[in-house]
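User: Hi! Could you walk me through this structure while I have the viewer open?
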Amino acid sequence: MEKKPIINLKDISLSFDGEKVLEGLNLSICDGEFVTLLGPSGCGKTTTLRIIGGFLTPDSGDVFFGANRVNDLPPYKRPVNTIFQRYALFPHLNVYDNVAFGMRVQKKKKAEIAKTVERMLEMVNLKGFEKRTVSTLSGGQQQRVAIARALANDPKVLLLDEPLAALDLKLRKDMQNELKNMQKSLGITFIYVTHDQEEALSMSDTVVVMDGGEIQQIGSPLDIYNEPVNAFVADFIGESNILDGVMLSDYKVKFFGRVFDCLDAGFEKDEPVDVVIRPEDINIVPAGNGLTGTVTSVTFKGVHYETIVDFYGFKWLIQTTEYHPVGEVIGIVLDPDDIHIMHKSRYSGMFGDYSSYSEEFDEMNDPTIDLVDDEADAAGEAD
Amino acid sequence: MMKARGAAAPFAVWMAIFTVIPLGVVVYYAFTNADGAFTFENILSIREYAGSLLRSFWIGLLSTFICLLLAYPLAFSISRSKGRVQQTMVMLIMMPMWMNFLLRTYAWQSLLENNGFINQFLGWFGIPPIQMINTTGAVILGMVYNFLPFMILPLYSVMVKIDKSVIEAAQDLGSNTMQVFSRVILPLSVPGIISGITMVFIPIISTFAITQILGGSLINMIGDNIEMKFFGTAPDYNVGSALALLLMVMLLISMGIMNHFDKNGEEVGA
């Protein structure tokens, strides 16, 4: 089914207090698509969403809904509805009145409002909660009210700003499925902002990876994972070992002084490249075969062991179901489809070496933890 | 639990000595004559002060209403401005309160007098003096000036708690500026309006100094009458107590009505 674009962002730039938040952003979103804007805190994903919602006006560039330029259209005139990060339910209204809010503003008939509210509350499994005040609801229930309230307006596009960030893991997984199912059955466009790569991969039709106010890559979850365009994407979406290599010719790449077969072509002869090897693609074999290295740390993760292996001073992360104790000398074999080649970028050398890797270190340096709100606040300050 | 009650004991004693006993004395005086015999005469004599009482309520209502009109938009714009600006504005509003309100009222007196600053200023342009002092207008001006901060601060403290995202949600759901105000901001600021009105209306009703300084002898409010009965040339503690009791009952009724509105607001929101 060929889908037509419903929202077009053309060359959008925006700065707050002289600090560039978005730069030259181009994005086309198709009707009925589930699009996720994914990136670390401060990457501009929430800002992009707020521009689509009408809460921010770009410094330059155009926002199109269909064929109409809507740069100056205020939020209340846009055919989109938003699910806010902390739900933003009206504290002075009960569940029914919250869901009915949009329809009352539009002066719909009472009977019609009642019917829609009932249908919406049924959809989000909150039948019988009509008279409850919102402060007596749990986080998950408030989230459902927010969804019902937004969808009751029958929007063409639903904007979701980290809607599940405040929920616990189990509830988050359930809501991911529910949202995905809702989107499928309603057939409306979802634009979803998150910093959680797993969420993005499991829910989206299209993932837009952002960093530093720019789009790094747009593609299906599979493309993004298997064919990352640069070291940032490779590292942000899952774990990656990223090495310096040289592309000798099509399908031939050299790293660690050896030549490997690969599936990539179209690079210049002897072009320096980044080589990505996913930790779960690596096959461990007895020492003496292939590359040889020493295990320096093992962490049991349930499904697999995270094994750090030192190859000639460069440490790799290998995920394996077999246990190899620290100090063991092992060999690894790489198949051509385990190797993915990327052009050099400004992110080269910043990611993909597990020399200093430890859980704590990773969390300390993970910009997405505990900083989720900063971007939203910054965006709020500006208007 | 018992410990917490024990900690309240000094306050209970304080309340007994300085609130309950004096109230009892007021009630005693209100229902006795000069000889200490029980009588309804004082209560019945209140009829003579009906005009003054009515004027008090009228001036109180009008001044409170003007305060609300001035304070509401101001409080809202302060609550929506940046942290630094907010602090400065709140500071500026509090600042006049550092000076005694009698002094501030006397300052207005010298501004408004027939040969006061304003009339002198107008005189330079050949404008004849305007009667400003000793008018109801001057009294209301004094009331509004003195009690405005008590309206702004409770409004501000409620409004600053209105989450910005709630306003955005209302816009997102199709509300224009007027609808955002009437459907979200106004209902959410009702508790501030209620406490603002309470904090302004009640002291205005019972005040006496402002009327005397800015209204002269022409405008008397119930507070002035009560003061006269105790400290005037012909003191009558019994009638004075009856008037004070009456005022108290009427204020209690007003507060009751007010709280009823507040509860309604809470029932919807809470």
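User: Let's begin with chain A: how many helices and strands are in its secondary structure?
Analyst: Chain A has 10 helices and 20 strands. Helices (H or I, at least four residues) and strands (E, at least two) are DSSP runs, numbered from the N terminus. One caution before we go on: this is a predicted model, where local features need pLDDT of at least 70 and side-chain atom pairs count only at pLDDT 80 or more, while totals for chains, interfaces and linings use all residues. Residues are numbered from 1 along each chain as its sequence is written, and chains are lettered from A and ligands numbered from 1 in the order in which they are written.

User: Thanks. What box do the C-alpha atoms of chain A fill?
Analyst: Roughly 80 × 45 × 45 Å, taken along the principal axes. Of the 383 residues in chain A, 41% are buried, where buried means 20 or more other C-beta atoms within 10 Å of the residue's own, exposed means 12 or fewer, and partly exposed is in between, with C-beta atoms placed from the backbone.

User: Which order do the strands take in the open sheet of chain A?
Analyst: The five strands run S15-S19-S16-S17-S18 in chain A, with antiparallel pairing. Two strands pair if DSSP finds at least two bridges between them. At the edges are S15 (283-286) and S18 (314-320) of chain A, each pairing on one side only. Neighbouring strands of this sheet are turned by 45° against each other on average, direction ignored.

User: And how many bridges join S15(A) to S19?
Analyst: Four, and S15(A) runs antiparallel to S19 (residues 329-333) of chain A. Pro286(A) stands opposite Ile330(A) in S19(A).

User: At what angle do H6 and H8 of chain B cross?
Analyst: The axes of H6 (residues 101-112) and H8 (residues 136-159) of chain B cross at roughly 140° and come within 11 Å. Axes here are lines fitted to C-alpha atoms, for helices over the stretch in contact, and angles run from 0 to 180 degrees between N-to-C directions. That makes H6(B) oblique to H8(B), since under 35 degrees counts as roughly parallel, over 145 as roughly antiparallel, 65 to 115 as roughly perpendicular and the rest as oblique.

User: Which residues make that contact?
Analyst: H6(B) brings Phe101(B), Arg104(B), Thr105(B), Trp108(B) and Leu112(B), while H8(B) brings Ala138(B), Leu141(B), Gly142(B), Tyr145(B) and Asn146(B). Two residues are in contact if their C-beta atoms, placed from the backbone, lie within 7 Å. By class there are six nonpolar, three polar and one charged; Ala, Val, Leu, Ile, Met, Phe, Trp, Tyr, Cys and Pro count as nonpolar, Asp, Glu, Lys and Arg as charged, and the others, Gly among them, as polar.

User: I've clicked on Ile66(B). Is that one buried or partly exposed?
Analyst: Ile66(B) is partly exposed, because 18 other C-beta atoms lie within 10 Å. Ile66(B) belongs to helix H4 (residues 50-79) of chain B. Leaving aside neighbours within four places in sequence, Ile66(B) is in contact with Ile140(B) and Val144(B). The C-alpha atoms of Ile66(B) and Ile140(B) are separated by 9.0 Å, with the two residues 74 apart along the chain.

User: Last topic: how many residues of chain A are in contact with chain B?
Analyst: 21 residues of chain A are in contact with 19 residues of chain B. On the chain A side, H2(A) gives the most, with three residues.
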